[in-house]
Every structure is written in structure tokens, then in C-alpha cells.
Amino acid sequence: MPLQNRVTPLGDIVATPHRGLFTGNRGIIHDPATKTLLKKRWSSPAWITCVCEFRGWRRKVMATRSWTELFFLDEATAFAAGHRPCFFCRRDDANRFRAAWEQGNRVKNVRAREIDAVLHRERLDRGKKRLPPLAVPLGELPDGAMVQAGDESYLIAGGKTLRWSFEGYSRARIDTASALLLTPPSTLRALEAGYRLVLHPSASVVGDT
């Protein structure tokens, strides 16, 4: 049986055999004896996105009382859920993100914990995912942004709107009138400032059709 450790763009953590391109965590939110999640869905405002391979290290998932390993289809999914790059295993990406975040949000010399504090306010509304209305038309959102329309999540890539799933992306129509923003506003501004994130290969395949 797959563990409950796969994150959706809404930030929900579910069980599925599909792993994705990235791992990450929100602190310790599991019981290592049963490898099941606790009732809480975060224990730290630092929600990070990590590489799945680093220095040849190997971890047994949910086996110890260390950080709870979560998995994401790609970086757009992780960002939509409210995560940001890890400054330990992804230092170059994290510094690129911080530079774009500073430019997009018109701040300087920001620290990781200050970004985390802003993201924590933006991603949650009374413990649930915050979904603000779009400030610009759908077609003006930057590549890598994600929106929610009804029960479906969508990625903006190459001027096209792609429907998200655990397996990857597919072309689909979207009800633009009901679309709400999944990507936190401050992260969206980092994308607008030029941060290029890693997308699942399916985004390129279906985006070219």
C-alpha cells in the first residue's frame, strides 16, 4: 500500500503510488511506528522542496522521527501548494528564487524565514488552502503558475492551460470564469520576475500539441 505522502496543488497530502520529480517537507507530521500522518499537516512554516537524490544519501521514508518525506509531481505543484526551494540541497535554485522573489516583491536582503512567514499567510485560510481571485486575466499569468477551477487544478505553460494529475499534464478546457489562484501571490511575483521552475516532462509534450 502506498504511503500518504504525495502533495496536490491544493496542498492536500494523499496516498498514491506515483512519486514525481521532487521531495520536500513541512517538518515532522508522521508517526514512524505506523508510517501514517498525524492530524496536523505541518509543524513548521518552512515548507520546502528538495531534490530526490543528494550526495548519494538514502532515507527510509517515514521510518524515523525526522522530517516527513513528501513528494510532488514537479516544482509548479510544490509552489502551488505553498512550498519553496530548499537552501541546503538546492542552494543555487533557492538563491535564484530568493533573488526573483525580492525583485518581484520589491524587497531586499530577505531571509528564508521571512519568505516562509509571508508564504504561510498566503497559502492558508483557517487551516485550508487560500484561493484568491485572479488579479489579471488567465492569459497574462506567467509560466509555472497554477489555478483551480472547480475540482481541477491547471498549469499555465507556453501560453496554454494544462490539467494537472498525479501522472502528469493533459490538455483540457477550463472554465475561466471560475478560476482561482493556487500559486501564492508572492511566489507568482517571483515567476513574473523571471524564476524558471522545473516542470514535469508531460507539460512540454502536451503543450506542443
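## Rings, charges and a sheet

F166 is partly exposed, with 23% relative accessible area (partly exposed lies between buried, under 20%, and exposed, over 50%, using a 1.4 Å probe and protein chains only). W164, at 10%, counts as buried.

A quick word on the source: this is a predicted model, where local features need pLDDT of at least 70, side-chain atom pairs count only at pLDDT 80 or more, and totals for chains, interfaces and linings use all residues. Residues are numbered from 1 along each chain as its sequence is written, and side-chain values use heavy atoms, with hydrogens and water left out.

Now for the rings. There are 8 aromatic pairs in the structure (Phe, Tyr or Trp rings, the six-membered one for Trp, with centres within 6.5 Å; planes under 30 degrees apart are stacked, over 60 edge-to-face, the rest tilted). W164 and F166 make an edge-to-face pair, because their planes sit at 65° with the ring centres 4.9 Å apart. F54, W57 and F88 form one aromatic cluster.

| Charge | Ring | Distance to ring centre |
|---|---|---|
| R19 | F71 | 4.5 Å |
| R59 | W67 | 3.9 Å |

On to the sheet. An open sheet of 5 strands runs in the order 14-13-12-11-15, with antiparallel pairing (strands are DSSP E runs of at least two residues, numbered from the N terminus, and two pair if DSSP finds at least two bridges between them). Strand 14 (169-171) and strand 15 (180-181) are the edges, each pairing on one side only. Strand 12 (residues 152-157) and strand 13 (residues 160-164) are joined by 4 bridges, and L155 has L162 in strand 13 as its bridge partner.

Technical notes: Lys NZ or Arg CZ within 6 Å of the ring centre and 35° of its normal.
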